[in-house]
Amino acid sequence: MRIIKKLLLAASASGLALAASAQTGAPSQSTAWPDKPVTIVVPFPAGGSTDMVARAMALHMGEKLGQSFVVDNRPGATGTVGAGSVKRAAADGYTLLVSSLGAFVVAPHLLISVPYDALKDFDYITVPVQAPNVLVASSSQKARTVKEVIAQLKASPGKVSFASSGNGSSDHLSAEVFWQQTGTEGLHIPYKGGAPAINDLLGGQVDFSFQNVNAVLQHIRAGKLHAIAVTGDKRSPVLPDVPTLAEAGVTGAEVYSWQGMAAPKGLPPAVKQKLAEAAIAAINDPVVKKRMVDQGLEIVASTPEAFTAYQAREFARWKNVIETRRITAD
(Lines give C-alpha, C1' and ligand atoms only; values in the text may rest on other atoms or scores of the structure.)
Protein backbone atom coordinates (compact mmCIF):
# COMPACT_ATOMS: atom_id res chain seq x y z
CA MET A 1 0.00 0.00 0.00
CA ARG A 2 2.82 2.39 0.92
CA ILE A 3 4.55 1.69 -2.42
CA ILE A 4 1.30 2.34 -4.33
CA LYS A 5 0.83 5.69 -2.55
CA LYS A 6 4.39 6.71 -3.42
CA LEU A 7 3.81 5.79 -7.07
CA LEU A 8 0.55 7.79 -7.18
CA LEU A 9 2.20 10.85 -5.61
CA ALA A 10 5.11 10.64 -8.04
CA ALA A 11 2.73 10.36 -11.00
CA SER A 12 0.71 13.32 -9.76
CA ALA A 13 3.81 15.47 -9.30
CA SER A 14 5.06 14.50 -12.74
CA GLY A 15 1.70 15.43 -14.30
CA LEU A 16 1.68 18.83 -12.64
CA ALA A 17 5.23 19.49 -13.80
CA LEU A 18 4.36 18.57 -17.38
CA ALA A 19 1.27 20.82 -17.30
CA ALA A 20 3.30 23.75 -15.98
CA SER A 21 5.96 23.16 -18.60
CA ALA A 22 3.34 23.09 -21.34
CA GLN A 23 1.80 26.35 -20.13
CA THR A 24 5.10 28.22 -20.00
CA GLY A 25 6.64 26.64 -23.08
CA ALA A 26 3.70 26.91 -25.50
CA PRO A 27 3.40 30.29 -27.23
CA SER A 28 0.29 32.28 -26.40
CA GLN A 29 -2.06 33.60 -29.08
CA SER A 30 -0.48 37.03 -28.68
CA THR A 31 3.14 35.92 -29.11
CA ALA A 32 2.21 33.63 -32.02
CA TRP A 33 0.53 36.44 -33.96
CA PRO A 34 0.27 36.34 -36.89
CA ASP A 35 -0.15 32.63 -37.62
CA LYS A 36 -2.67 33.14 -40.44
CA PRO A 37 -3.36 35.83 -43.09
CA VAL A 38 -4.25 39.35 -41.92
CA THR A 39 -6.93 41.41 -43.68
CA ILE A 40 -6.44 45.16 -44.13
CA VAL A 41 -9.78 46.80 -44.89
CA VAL A 42 -9.56 49.93 -47.06
CA PRO A 43 -12.98 51.64 -47.03
CA PHE A 44 -12.50 53.17 -50.48
CA PRO A 45 -12.17 51.84 -54.04
CA ALA A 46 -8.85 50.50 -55.28
CA GLY A 47 -6.43 52.92 -56.91
CA GLY A 48 -6.62 55.91 -54.56
CA SER A 49 -4.01 57.28 -52.17
CA THR A 50 -5.28 55.31 -49.16
CA ASP A 51 -5.30 52.09 -51.17
CA MET A 52 -1.76 52.74 -52.39
CA VAL A 53 -0.47 53.35 -48.86
CA ALA A 54 -2.22 50.24 -47.51
CA ARG A 55 -0.85 47.98 -50.25
CA ALA A 56 2.71 49.24 -49.83
CA MET A 57 2.55 48.63 -46.08
CA ALA A 58 0.84 45.24 -46.51
CA LEU A 59 3.62 43.95 -48.73
CA HIS A 60 6.39 44.99 -46.36
CA MET A 61 4.59 43.85 -43.19
CA GLY A 62 3.92 40.47 -44.77
CA GLU A 63 7.59 40.03 -45.58
CA LYS A 64 8.64 41.12 -42.08
CA LEU A 65 6.14 38.97 -40.18
CA GLY A 66 6.02 35.93 -42.46
CA GLN A 67 2.30 36.05 -43.19
CA SER A 68 0.10 37.41 -45.96
CA PHE A 69 -1.43 40.86 -45.40
CA VAL A 70 -4.34 41.10 -47.83
CA VAL A 71 -6.02 44.40 -48.76
CA ASP A 72 -9.82 44.22 -48.94
CA ASN A 73 -11.54 47.25 -50.50
CA ARG A 74 -14.97 47.88 -48.94
CA PRO A 75 -16.15 51.31 -50.15
CA GLY A 76 -19.37 53.03 -49.18
CA ALA A 77 -20.84 55.93 -47.19
CA THR A 78 -17.61 58.01 -47.14
CA GLY A 79 -15.63 55.17 -45.61
CA THR A 80 -18.02 54.29 -42.80
CA VAL A 81 -19.14 50.95 -44.27
CA GLY A 82 -15.63 49.52 -44.21
CA ALA A 83 -14.80 51.10 -40.86
CA GLY A 84 -17.98 49.65 -39.35
CA SER A 85 -17.04 46.16 -40.52
CA VAL A 86 -13.68 46.46 -38.77
CA LYS A 87 -15.34 47.66 -35.56
CA ARG A 88 -17.44 44.46 -35.55
CA ALA A 89 -14.45 42.16 -36.16
CA ALA A 90 -12.61 40.25 -33.42
CA ALA A 91 -9.92 42.22 -31.62
CA ASP A 92 -7.22 39.68 -32.39
CA GLY A 93 -5.00 41.51 -34.87
CA TYR A 94 -6.31 39.70 -37.96
CA THR A 95 -8.57 42.54 -39.19
CA LEU A 96 -7.13 46.03 -39.61
CA LEU A 97 -8.35 49.32 -41.04
CA VAL A 98 -6.35 51.75 -43.16
CA SER A 99 -8.38 54.86 -43.90
CA SER A 100 -8.00 58.54 -44.61
CA LEU A 101 -9.04 61.01 -41.94
CA GLY A 102 -12.62 60.98 -43.29
CA ALA A 103 -13.81 57.86 -41.50
CA PHE A 104 -11.95 58.73 -38.30
CA VAL A 105 -12.69 62.41 -37.69
CA VAL A 106 -15.04 63.81 -40.35
CA ALA A 107 -17.88 61.37 -41.13
CA PRO A 108 -18.91 61.03 -37.45
CA HIS A 109 -19.90 64.74 -37.53
CA LEU A 110 -21.05 64.91 -41.14
CA LEU A 111 -23.45 61.97 -41.26
CA ILE A 112 -26.60 61.49 -39.21
CA SER A 113 -25.29 58.17 -37.88
CA VAL A 114 -22.24 55.99 -38.36
CA PRO A 115 -21.88 52.33 -37.30
CA TYR A 116 -19.10 52.98 -34.78
CA ASP A 117 -17.84 55.39 -32.14
CA ALA A 118 -14.58 56.77 -33.49
CA LEU A 119 -13.33 57.66 -30.01
CA LYS A 120 -14.12 54.33 -28.35
CA ASP A 121 -14.28 51.49 -30.90
CA PHE A 122 -10.74 51.38 -32.29
CA ASP A 123 -7.19 50.85 -31.14
CA TYR A 124 -5.16 53.44 -33.05
CA ILE A 125 -1.87 52.03 -34.36
CA THR A 126 -0.07 54.62 -36.51
CA VAL A 127 -0.43 57.52 -38.92
CA PRO A 128 1.99 56.35 -41.63
CA VAL A 129 1.79 59.42 -43.87
CA GLN A 130 0.25 62.85 -44.24
CA ALA A 131 0.16 65.44 -47.01
CA PRO A 132 -0.79 69.09 -47.09
CA ASN A 133 -3.31 70.28 -49.61
CA VAL A 134 -2.32 72.84 -52.20
CA LEU A 135 -4.43 75.71 -53.48
CA VAL A 136 -4.33 75.36 -57.26
CA ALA A 137 -5.84 77.09 -60.26
CA SER A 138 -5.80 76.41 -63.98
CA SER A 139 -3.03 78.04 -65.96
CA SER A 140 -5.61 80.44 -67.46
CA GLN A 141 -6.64 81.79 -64.04
CA LYS A 142 -5.30 85.32 -63.48
CA ALA A 143 -4.94 85.10 -59.67
CA ARG A 144 -1.48 83.79 -58.83
CA THR A 145 -1.13 84.73 -55.15
CA VAL A 146 -3.20 84.24 -52.01
CA LYS A 147 -3.71 88.00 -51.83
CA GLU A 148 -5.15 87.98 -55.34
CA VAL A 149 -7.44 85.02 -54.57
CA ILE A 150 -8.81 86.83 -51.50
CA ALA A 151 -9.36 90.00 -53.54
CA GLN A 152 -11.27 87.98 -56.13
CA LEU A 153 -13.43 86.38 -53.42
CA LYS A 154 -14.23 89.78 -51.87
CA ALA A 155 -15.07 91.26 -55.25
CA SER A 156 -17.55 88.45 -56.02
CA PRO A 157 -18.83 86.98 -52.72
CA GLY A 158 -20.22 83.45 -53.09
CA LYS A 159 -19.48 83.29 -56.81
CA VAL A 160 -15.83 82.20 -57.09
CA SER A 161 -15.94 78.42 -57.47
CA PHE A 162 -13.86 75.89 -55.53
CA ALA A 163 -13.96 72.26 -56.63
CA SER A 164 -13.65 69.38 -54.17
CA SER A 165 -13.74 65.59 -54.26
CA GLY A 166 -16.93 65.65 -52.20
CA ASN A 167 -18.67 67.09 -49.16
CA GLY A 168 -16.51 66.69 -46.06
CA SER A 169 -13.36 65.77 -47.97
CA SER A 170 -10.11 67.35 -46.81
CA ASP A 171 -10.08 69.57 -49.92
CA HIS A 172 -13.60 70.79 -49.11
CA LEU A 173 -12.71 71.39 -45.46
CA SER A 174 -9.56 73.26 -46.50
CA ALA A 175 -11.70 75.66 -48.52
CA GLU A 176 -14.14 76.14 -45.63
CA VAL A 177 -11.32 76.92 -43.20
CA PHE A 178 -9.74 79.28 -45.76
CA TRP A 179 -12.98 81.21 -46.18
CA GLN A 180 -13.50 81.25 -42.41
CA GLN A 181 -10.02 82.61 -41.70
CA THR A 182 -10.15 85.25 -44.47
CA GLY A 183 -13.72 86.44 -43.87
CA THR A 184 -14.71 85.48 -47.40
CA GLU A 185 -17.18 83.09 -49.01
CA GLY A 186 -16.73 81.01 -52.15
CA LEU A 187 -18.95 78.65 -54.12
CA HIS A 188 -18.33 75.02 -53.23
CA ILE A 189 -18.65 72.59 -56.15
CA PRO A 190 -18.51 68.99 -54.86
CA TYR A 191 -17.61 66.13 -57.21
CA LYS A 192 -17.77 62.37 -56.78
CA GLY A 193 -14.05 61.93 -56.31
CA GLY A 194 -10.87 63.84 -56.94
CA ALA A 195 -10.37 62.86 -60.59
CA PRO A 196 -13.46 64.62 -62.01
CA ALA A 197 -12.78 67.69 -59.84
CA ILE A 198 -9.24 67.92 -61.21
CA ASN A 199 -10.44 67.39 -64.77
CA ASP A 200 -12.84 70.32 -64.56
CA LEU A 201 -10.17 72.42 -62.89
CA LEU A 202 -7.78 71.65 -65.76
CA GLY A 203 -10.52 72.56 -68.22
CA GLY A 204 -11.28 75.87 -66.52
CA GLN A 205 -14.86 74.93 -65.57
CA VAL A 206 -14.07 75.79 -61.94
CA ASP A 207 -11.80 78.50 -60.58
CA PHE A 208 -9.80 76.99 -57.72
CA SER A 209 -9.38 73.88 -55.59
CA PHE A 210 -7.49 72.73 -52.52
CA GLN A 211 -6.21 69.36 -53.73
CA ASN A 212 -3.93 66.79 -52.09
CA VAL A 213 -0.38 67.60 -53.21
CA ASN A 214 0.18 64.05 -54.45
CA ALA A 215 -2.98 64.18 -56.59
CA VAL A 216 -1.98 67.25 -58.62
CA LEU A 217 1.81 67.26 -58.47
CA GLN A 218 2.19 65.97 -62.04
CA HIS A 219 -0.12 68.69 -63.37
CA ILE A 220 1.76 71.39 -61.47
CA ARG A 221 5.08 70.17 -62.82
CA ALA A 222 3.63 70.04 -66.34
CA GLY A 223 2.47 73.66 -66.04
CA LYS A 224 -1.22 72.74 -66.41
CA LEU A 225 -2.08 73.90 -62.88
CA HIS A 226 -0.60 76.79 -60.95
CA ALA A 227 0.24 76.18 -57.27
CA ILE A 228 -0.60 79.18 -55.09
CA ALA A 229 -0.07 78.00 -51.48
CA VAL A 230 0.09 74.84 -49.38
CA THR A 231 -1.94 74.17 -46.24
CA GLY A 232 0.87 72.63 -44.19
CA ASP A 233 2.73 74.22 -41.31
CA LYS A 234 5.86 74.16 -43.47
CA ARG A 235 6.61 74.14 -47.18
CA SER A 236 6.22 70.87 -49.05
CA PRO A 237 9.57 69.28 -50.04
CA VAL A 238 8.16 68.60 -53.53
CA LEU A 239 6.96 72.23 -53.91
CA PRO A 240 9.75 74.18 -52.19
CA ASP A 241 8.96 77.43 -54.01
CA VAL A 242 5.29 77.45 -52.99
CA PRO A 243 4.55 79.37 -49.76
CA THR A 244 2.37 78.14 -46.93
CA LEU A 245 -0.91 79.93 -46.29
CA ALA A 246 0.60 81.30 -43.08
CA GLU A 247 3.54 82.76 -45.00
CA ALA A 248 0.98 84.36 -47.33
CA GLY A 249 -0.79 85.97 -44.38
CA VAL A 250 -3.59 83.44 -43.63
CA THR A 251 -3.05 81.90 -40.20
CA GLY A 252 -5.01 79.09 -38.55
CA ALA A 253 -5.72 77.36 -41.86
CA GLU A 254 -3.27 74.48 -41.58
CA VAL A 255 -4.83 71.28 -42.92
CA TYR A 256 -3.29 67.90 -43.57
CA SER A 257 -4.83 64.97 -45.33
CA TRP A 258 -3.64 61.82 -43.55
CA GLN A 259 -3.99 58.06 -43.51
CA GLY A 260 -4.22 56.02 -40.33
CA MET A 261 -4.07 52.34 -39.35
CA ALA A 262 -6.44 51.10 -36.65
CA ALA A 263 -7.83 47.83 -35.30
CA PRO A 264 -10.92 46.78 -33.33
CA LYS A 265 -10.73 47.99 -29.73
CA GLY A 266 -9.19 45.56 -27.26
CA LEU A 267 -6.08 44.20 -28.99
CA PRO A 268 -3.87 42.10 -26.71
CA PRO A 269 -0.96 44.38 -25.68
CA ALA A 270 1.68 42.07 -27.21
CA VAL A 271 -0.17 42.00 -30.54
CA LYS A 272 -0.63 45.78 -30.52
CA GLN A 273 3.07 46.35 -29.89
CA LYS A 274 4.14 43.86 -32.56
CA LEU A 275 1.67 45.33 -35.05
CA ALA A 276 2.80 48.90 -34.40
CA GLU A 277 6.47 48.00 -34.73
CA ALA A 278 5.84 46.23 -38.04
CA ALA A 279 3.68 49.07 -39.42
CA ILE A 280 6.21 51.75 -38.47
CA ALA A 281 9.07 49.69 -39.93
CA ALA A 282 7.08 49.24 -43.15
CA ILE A 283 6.57 52.93 -43.80
CA ASN A 284 10.19 53.68 -42.88
CA ASP A 285 11.55 51.05 -45.26
CA PRO A 286 13.85 52.98 -47.64
CA VAL A 287 12.06 51.78 -50.80
CA VAL A 288 8.57 52.46 -49.41
CA LYS A 289 9.65 55.79 -47.91
CA LYS A 290 11.15 57.04 -51.19
CA ARG A 291 8.03 56.04 -53.10
CA MET A 292 5.82 58.01 -50.71
CA VAL A 293 8.05 61.09 -50.53
CA ASP A 294 8.45 61.25 -54.31
CA GLN A 295 4.66 61.54 -54.59
CA GLY A 296 4.45 64.42 -52.13
CA LEU A 297 3.52 62.45 -49.02
CA GLU A 298 5.28 63.15 -45.72
CA ILE A 299 6.32 60.29 -43.44
CA VAL A 300 4.82 60.46 -39.94
CA ALA A 301 5.09 56.89 -38.59
CA SER A 302 3.55 57.86 -35.24
CA THR A 303 3.28 55.57 -32.23
CA PRO A 304 -0.10 54.25 -31.02
CA GLU A 305 -0.03 56.76 -28.16
CA ALA A 306 0.73 59.69 -30.47
CA PHE A 307 -1.95 58.65 -32.98
CA THR A 308 -4.58 58.25 -30.26
CA ALA A 309 -3.91 61.78 -28.99
CA TYR A 310 -3.82 63.22 -32.53
CA GLN A 311 -7.08 61.52 -33.50
CA ALA A 312 -8.82 63.06 -30.49
CA ARG A 313 -7.53 66.56 -31.39
CA GLU A 314 -8.56 66.20 -35.04
CA PHE A 315 -11.96 64.82 -34.00
CA ALA A 316 -12.64 67.92 -31.88
CA ARG A 317 -11.29 70.32 -34.50
CA TRP A 318 -13.41 69.05 -37.39
CA LYS A 319 -16.49 68.79 -35.19
CA ASN A 320 -16.12 72.51 -34.52
CA VAL A 321 -15.53 73.40 -38.18
CA ILE A 322 -18.43 71.29 -39.47
CA GLU A 323 -20.85 72.68 -36.90
CA THR A 324 -19.68 76.29 -37.25
CA ARG A 325 -19.75 76.23 -41.04
CA ARG A 326 -22.98 74.16 -41.08
CA ILE A 327 -21.50 71.62 -43.45
CA THR A 328 -23.76 68.73 -44.44
CA ALA A 329 -23.27 65.53 -46.40
CA ASP A 330 -25.67 66.70 -49.14
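The model is predicted, and its residues are numbered from 1 along each chain as the sequence is written.

The model holds 15 aromatic pairs. Begin by selecting phenylalanine 162 and phenylalanine 210, whose ring centres are 6.2 Å apart; their planes meet at 20°, under the 30 degrees required, so the pair is stacked. Colour by secondary structure next: phenylalanine 162 belongs to strand S5 (residues 161-164) and phenylalanine 210 to strand S7 (residues 208-212), so this pair ties together parts that are 48 residues apart in sequence. Phenylalanine 162 and phenylalanine 210 are both buried.

Select tryptophan 258 and phenylalanine 307. This aromatic pair is edge-to-face, with 5.7 Å from centre to centre and 85° between the planes. Tryptophan 258 lies in strand S9 (residues 256-264) and phenylalanine 307 in helix H12 (residues 304-324), so the contact ties together parts that are 49 residues apart in sequence. Tryptophan 258 is buried, at a relative accessible area of 0%, and phenylalanine 307 is buried with a value of 0%.

Show the side chains of Pro304, Phe307, Tyr310, Gln311, Glu314, Phe315, Trp318, Val321 and Ile322, which are the buried residues of H12. Turn the view to look down the helix axis: the buried residues of H12 fall within an arc of 145°, so they line one face of the helix. An α-helix has 3.6 residues a turn, so residues three or four places apart point the same way.

Just after H12, arginine 326 takes a positive phi of about 55°.

**Last stop: charges over rings**

Select arginine 317 and tryptophan 318: the charged end of arginine 317 sits over the ring of tryptophan 318, 4.6 Å from its centre. Finish at lysine 36, whose charged end sits over the ring of tyrosine 94, 4.7 Å from the ring centre.

How values were computed:
This is a predicted model: local features need pLDDT of at least 70, side-chain atom pairs count only at pLDDT 80 or more; totals for chains, interfaces and linings use all residues. Side-chain values use heavy atoms; hydrogens and water are left out. Rings of Phe, Tyr and Trp (its six-membered ring) pair if their centres lie within 6.5 Å; planes under 30 degrees apart count as stacked, over 60 as edge-to-face and the rest as tilted. Helices (H or I, at least four residues) and strands (E, at least two) are DSSP runs, numbered from the N terminus. Buried means under 20% relative accessible area, exposed over 50%, partly exposed in between (1.4 Å probe, protein chains only). A charge sits over a ring if NZ of Lys or CZ of Arg is within 6 Å of the ring centre and within 35 degrees of the ring normal. The arc is that of the directions from the helix axis to the C-beta atoms.
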